[in-house]
Amino acid sequence: MENRIVKAIFKLTWLVLMASFVMVSCDKDDDEVEPDPVIILDGFYIKGAGTALTGFDDKGIMKTTPNEVNQSERLSLLELYVAVKAGTEGFNIVKVAGSVQTVY
């Protein structure tokens, strides 16, 4: 009788260990997770080795600014203040229009 109880406990323990192994091994690894694609909106971007913005970033898009004289909005007047480090390769202004990128 005691031998039967020990075998039942052993089988139950084995079953619990196998179930936990299967549940843990089904999780996705962090290496398999694909990164979110970078969405680039139309506009003018600042990027380059001389700035903190080495790639396309929301912080690097130029924004419209009012005219200093009469404070009227002008869609063609853009500004962005960026620190540029001396002695580096500098930076580029990139115009993005759809899938076309023009580098200045």
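In this predicted model, the side chains of T65 and E79 are joined by a polar contact of 3.2 Å. T65 sits in strand β2, which covers residues 63-66. Is T65 buried or exposed? Its relative accessibility is 10%, so T65 counts as buried. The cut-off explains the label, because buried means under 20% relative accessible area.

Strand β2 pairs with strand β3. The pairing is antiparallel and runs over four bridges. One of the residue pairs involves T64, whose bridge partner in β3 is L78. Strands β2 and β3 form a hairpin, with six residues between them. Strand β3 itself spans residues 73-79.

The turn of this hairpin holds Q71. Q71 lies in the loop between β2 and β3. Its phi is positive, at about 60°, although Q71 is not a glycine. Most residues other than glycine have a negative phi. The relative accessibility of Q71 is 53%, so this residue counts as exposed. Exposed means over 50% relative accessible area.

Strands of a sheet pair through backbone hydrogen bonds, either parallel or antiparallel.

Within this sheet, strand β4 covers residues 92-97. Four bridges join β4 to β5, and the two strands run antiparallel. A97 stands opposite V100 in β5. The segment after β5 contains Y104. At 56% relative accessibility, Y104 counts as exposed. Y104 and V94 are 10 residues apart along the chain. Their C-alpha atoms are separated by 6.1 Å.

The loop between β3 and β4 contains A86. A86 has a relative accessibility of 71%, and therefore counts as exposed. How far apart are A86 and T51 in sequence and in space? They are 35 residues apart in sequence. In space the separation is 9.7 Å, C-alpha to C-alpha.

The helix comes next. Helix α1 spans residues 2-25 and includes V16. V16 also belongs to a nonpolar patch on the surface, which it forms with L12 and L15. Together, these three residues have about 310 Å² of accessible area.

The overall plan can now be set out. What does the protein contain in helices and strands? There are one helix and five strands. Along the sequence, the pattern reads α-β-β-β-β-β. The protein has 104 residues, and buried residues make up 13% of them.

Key
Residues are numbered from 1 along each chain as its sequence is written. This is a predicted model: local features need pLDDT of at least 70, side-chain atom pairs count only at pLDDT 80 or more; totals for chains, interfaces and linings use all residues. Side-chain values use heavy atoms; hydrogens and water are left out. Patches are made of residues with over 30% relative accessible area and no salt bridge: like charges are joined within 9 Å, nonpolar side chains (Val, Leu, Ile, Met, Phe, Trp, Tyr) within 5 Å. Accessible areas come from the Shrake-Rupley method with a 1.4 Å probe; for residues, only the protein chains shown count as cover. A salt bridge is a side-chain nitrogen of Lys or Arg within 4 Å of a carboxyl oxygen of Asp or Glu. Two strands pair if DSSP finds at least two bridges between them. Buried means under 20% relative accessible area, exposed over 50%, partly exposed in between (1.4 Å probe, protein chains only). A polar contact is a pair of N or O atoms within 3.5 Å; within protein, one must be able to donate a hydrogen and the other to accept it, and residues adjacent in sequence count only if both atoms are side-chain atoms.
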